[in-house]
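Let's take a walk through this structure together. Have the sequence and the 3D view ready as you read.

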Amino acid sequence: IPKTDFSMIPSIRDEIKEADLLVLFGIEAHVCVLQTVGEVLEQYPDKMLVLAVDGVASTNSYDEKAAFKYFEGMQATANGKFLLLSSESILFQLARSAKDPTFKGISNISKNYPMPR
């Protein structure tokens with residue numbers, strides 16, 4: 001998907017119309033990710049937005065920390081429609097149960113590729 005705006009929304013507007021859940025990850029948390037989160041919350045308040053916190057970074061750690069403080073503020077005003085979760089948590093939330101056909105694969109990923117602590 002070609003992307004020239006800092007926000008991802010102009011590039012995926014048609015693709016997200018039917019989605020109820022958006023999972024976001026990306027680089028430059030303080031620019032691109034921040035603008036994308038803001039646009040989703042403003043333009044699509046009915047959609048659930050989940051930010052994979054371990055899938056977001058900035059070149060400069062100061063910028064990343066500042067962005068996460070801002071995300072926390074955005075989360076507080078999003079009426080439960082914006083969550084900050086680890087990618088592992090997101091996968092298990094989507095599976096919902098060990099009976100889900102994707103559970104075994106998710107479990108194997110979790111065991112074989114643990115997240116940094």
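First, some housekeeping. This is a predicted model, where local features need pLDDT of at least 70 and side-chain atom pairs count only at pLDDT 80 or more, while totals for chains, interfaces and linings use all residues. Residues are numbered from 1 along each chain as its sequence is written, and side-chain values use heavy atoms, with hydrogens and water left out.

Let's start with empty space. Rolling a probe the size of a water molecule over the atoms shows where such space is left. The largest pocket has a volume of about 280 Å³. Of its 17 lining residues, Met-8, Ile-12, Leu-24, Phe-25 and Thr-36 are the closest to the centre. (On a 1 Å grid over the protein atoms alone, a pocket is an open set of points where a 1.4 Å probe fits, with protein on both sides within 12 Å along at least five of seven lines; lining residues have an atom within 4 Å of a point. The volume is the space filled by probe spheres set on the points, which are joined across faces, edges and corners.) Which elements supply at least two residues each of this lining? They are α1, β1 and α2 (29-43), and β1 gives the largest share, six residues. Helices (H or I, at least four residues) and strands (E, at least two) are DSSP runs, numbered from the N terminus.

Now look at Ile-16, in helix α1 (residues 9-16). Is Ile-16 buried or exposed? Ile-16 counts as buried because its relative accessible area is 5%; buried means under 20%, exposed over 50% and partly exposed in between, with a 1.4 Å probe and protein chains only. Leaving aside residues up to four places away in sequence, Ile-16 touches Ile-9, Leu-22, Tyr-44 and Lys-47, a contact being heavy atoms within 4.5 Å. Ile-16 and Tyr-44 are 28 residues apart along the chain, yet their C-alpha atoms are separated by 9.5 Å.

On to charges. The whole structure has one salt bridge (a side-chain nitrogen of Lys or Arg within 4 Å of a carboxyl oxygen of Asp or Glu). Lys-17 forms a salt bridge with Asp-14, their closest N and O atoms being 3.4 Å apart. Lys-17 is exposed, at 52% relative accessibility, and Asp-14 is exposed too, at 59%.

Note on methods
Grid points are joined across faces, edges and corners, and a volume is the space filled by probe spheres set on the points.
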